[in-house]
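Please look over the model below before reading on. My notes follow as numbered points.

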Amino acid sequence: MEYSNGKDYDRQKMNNPYIQLWYEMVEHYLKIYLPKSGKILDAGGGTGEFSIRAANINENLKIINCDISEGMLRRAQEKIEEMELQERIENKICDCLLYT
């Protein structure tokens, strides 16, 4: 499914209880395996959900949220600014397949 903007994507994901359970499981493992400090690349990070969760778990991380969709990154930036995380999360448009 293609989304014209990240809000539609987030709305569909956030209303799904299975996706919410999945996010909880991911947070559990992020708490265990995230480095204590440094930089993280969220390749294909879309609306920034994982970047935001990682930033909330560990204040010592700098995160680059990379995605090919400008609409998804616009939504990510809105969320990042709402949570005042713009000093720690940077959005970049890129095609991750170029690096494979």
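**Notes on the predicted model**

1. The side chains of K79 and E49 meet in a salt bridge, 2.9 Å from N to O. K79 lies in helix α4 and E49 in helix α3, so this pair ties together parts 30 residues apart in sequence. A salt bridge here is a side-chain nitrogen of Lys or Arg within 4 Å of a carboxyl oxygen of Asp or Glu. Helices (H or I, at least four residues) and strands (E, at least two) are DSSP runs, numbered from the N terminus. Both partners are buried: K79 has 9% relative accessibility, and E49 has 11%. Buried means under 20% relative accessible area, exposed over 50%, and partly exposed in between (1.4 Å probe, protein chains only).

2. A word on the basis. This is a predicted model: local features need pLDDT of at least 70, side-chain atom pairs count only at pLDDT 80 or more, and totals for chains, interfaces and linings use all residues. Residues are numbered from 1 along each chain as its sequence is written, and side-chain values use heavy atoms, with hydrogens and water left out.

3. Which residue does D10 pair with in a salt bridge? The partner is K79, with the closest N and O atoms 3.0 Å apart. D10 lies in helix α1 and K79 in helix α4, so the pair ties together parts that are 69 residues apart in sequence. D10 is buried, at 6% relative accessible area.

4. K7 forms a salt bridge with E78, the closest N and O atoms being 3.9 Å apart. This pair also links distant parts of the chain: K7 is in helix α1, E78 in helix α4, 71 residues away. K7 is partly exposed at 41%, and E78 is partly exposed at 33%. The salt-bridge count comes to nine. K7, D10, E27, E49, R53, R75, E78 and K79 are linked in a network of them.

5. Helix α3 spans residues 49-57, and its buried residues are E49, S51, I52, R53, A54 and A55. They pack against α1 (6-14), α2, β1 (38-43), β2 (61-67), α4 (70-82) and β3 (89-93).

6. N91 lies in strand β3. Its side chain makes polar contacts with the side chains of N65 (2.8 Å) and Q77 (2.8 Å). A polar contact is a pair of N or O atoms within 3.5 Å; within protein, one must be able to donate a hydrogen and the other to accept it, and residues adjacent in sequence count only if both atoms are side-chain atoms. Leaving out residues up to four places away in sequence, N91 touches N65, L73, A76, Q77 and I80. Contact means heavy atoms within 4.5 Å.

7. Check E84. Its phi is positive, about 55°, although E84 is not a glycine. Most residues other than glycine have a negative phi. E84 sits in the loop between α4 and β3 and is exposed, at 68% relative accessibility.

8. Now the whole chain. There are four helices and three strands, in the order α-α-β-α-β-α-β. Of the 100 residues, 36% count as buried. The C-alpha atoms fill a box of roughly 35 × 30 × 30 Å, taken along the principal axes. Residues 24 or more positions apart account for 59% of the contacts with a separation of 6 or more.
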